[in-house]
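The entries follow in the order I made them.

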Amino acid sequence: MTRLFVFGLGYAAGAIAQAAGGAVLATTRDGRGGTIRFDDAEAVRAGVAAATHVLSSVPPDEATGDPVLARYGDLLSGRWLGYLSSTGVYGDTGGGWVDESAPADRGRRPARNAADAAWLALGARVFRLPGIYGPARSALDRVAEGKANRTGVAGQVFSRVHVVDIASGVVAGFDAPPGAYNLSDDLPAPQDAVIEHAARLLGVAAPDIVPLTALSPAARAFHAENRRVANGKAKRVLGWRPRYPDYLAGLRALSATTSPTPASAAPPIASGDQR
């Protein structure tokens with residue numbers, strides 16, 4: 001029976017925990033919802049000791065590195081290890097395709113590059129993820145809340161993945177050899193196309209075009225990259241197939257089952273650092 005211990009029960013890791021079945025223990029910063037506080041060393045050590053599988057979704061700190069490896073790295077041997085990384089480690093490819101054979105040290109966040117390599121060195125299954133979307137966190141919600149924009153930049157594409165496909169890919173990885181796996185859909189696409197499709201599904205006008213110079217520094221950095229992520233290894237080795245092979249199917253399914261609500265009525269979005 002799988003006994004999964006999760007460092008950082010955030011959006012994607014929560015979906016993985018639900019899909020995994022079996023017993024699940026997890027950390028958060030504050031121990032909310034019956035989880036363990038990340039800094040409760042005694043409880044963490046007991047939980048990891050009882051686990052068959054350990055998954056980390058905690059992002060590294062640019063100044064201090066990976067907090068899980070720094071604090072609990074000595075506990076990790078002798079069990080299945082998984083790590084949620086980012087396809088950002090590949091850096092900008094000028095719109096070209098990239099797979100797991102490409103160098104993974106070219107991303108704009110050196111700490112993420114280093115953490116990705118460190119987990120691989122430990123024998124982990126490192127799942128490199130592009131833009132994540134799903135219920136309550138998609139272009140539909142951003143358009144409905146008036147937070148979406150278009151940039152009008154031609155020839156720029158990104159890959160993305162539905163959260164349920166992350167969950168099924170990681171669970172498929174429970175029986176897979178160590179290594180890196182890209183979990184992405186089959187259709188990299190311009191962000192503007194995704195926003196426009198969401199607007200059509202909602203029956204509203206597409207948002208105005210906003211020049212890159214008017215975006216936040218983080219948004220400008222995101223748009224500085226142009227990359228298509230190949231998922232062939234995950235399909236071959238994991239036997240994985242995305243339920244939502246493109247954003248058209250993913251957003252259509254979300255539109256049929258959810259009703260995006262104004263930001264004032266939505267639950268708070270947790271920090272990206274879930275620990």
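**Helix pair H7 and H10**

I began with the contacts between two helices: Ala193, Val194, His197, Ala198 and Leu201 of H7 meet Tyr247, Leu248, Leu251, Arg252 and Ser255 of H10. The model is a predicted one, which I keep in mind for every entry.

I then looked up the axes of H7 (residues 191–202) and H10 (residues 247–257), which come within 10 Å and cross at roughly 30 degrees. Angles under 35 degrees count as roughly parallel, so H7 is roughly parallel to H10. I noted the handedness of the H7 and H10 crossing as right-handed.

**Nonpolar cores**

Next I looked up the largest nonpolar core, which has 25 residues. Ile16, Leu84, Phe127, Ile166, Val170, Leu183 and Leu238 are the members that touch the most others in this core. I listed the elements that each supply at least two of its residues: strands E1 (3–7), E5 and E7, and helices H1 (11–20), H6 (163–172) and H9 (232–238). H1 gives the most, with five residues.

Leaving out residues up to four places away in sequence, I found Leu183 touching Phe127, Arg128, Leu129, Pro130, Val161, Ile166, Gly169, Val170, Ala234, Leu238 and Trp240. Another core, of 19 residues, lies apart from the largest one, and its members include Phe7, Val44, Val58 and Tyr72.

**Helix H4**

I turned to H4, which covers residues 110–121 and has twelve residues. From its first C-alpha to its last, H4 reaches 17 Å, close to the 16 Å expected at 1.5 Å a residue.

Which residues of H4 are buried? I wrote down Ala111, Arg112, Asn113, Ala115, Asp116 and Trp119. What covers these buried residues of H4 includes helix H3 (67–72) and the strands E4 (53–56), E5 (80–86) and E7 (125–129). After H4 comes Gly123, with a positive phi near 90 degrees.

**His53**

My last entry is on His53, which is found in strand E4. Is His53 buried or exposed? The cut-off for buried is under 20% relative accessible area, and His53 counts as buried because its relative accessibility is 12%. Setting aside neighbours within four places in sequence, I found His53 in contact with Thr2, Arg3, Leu4, Phe5, Trp80 and Phe174.

Notes
Residues numbered from 1 in each chain as written. Predicted model: local features only at pLDDT ≥ 70, side-chain atom pairs only at ≥ 80, totals over all residues. Heavy atoms only, no water. Helix = DSSP H or I, 4+ residues; strand = E, 2+ residues; numbered from the N terminus. Expected span 1.5 Å × (residues − 1). Buried < 20%, exposed > 50% of the residue type's maximum accessible area, 1.4 Å probe, protein only. Contact = heavy atoms within 4.5 Å. Core = buried A, V, L, I, M, F, W, Y, C linked by side-chain atoms within 4.5 Å. Axes fitted to C-alpha atoms, helices over the stretch in contact; angles between N-to-C directions. Parallel < 35°, antiparallel > 145°, perpendicular 65-115°, else oblique. Left-handed = near helix turned anticlockwise from the far one by under 90°.
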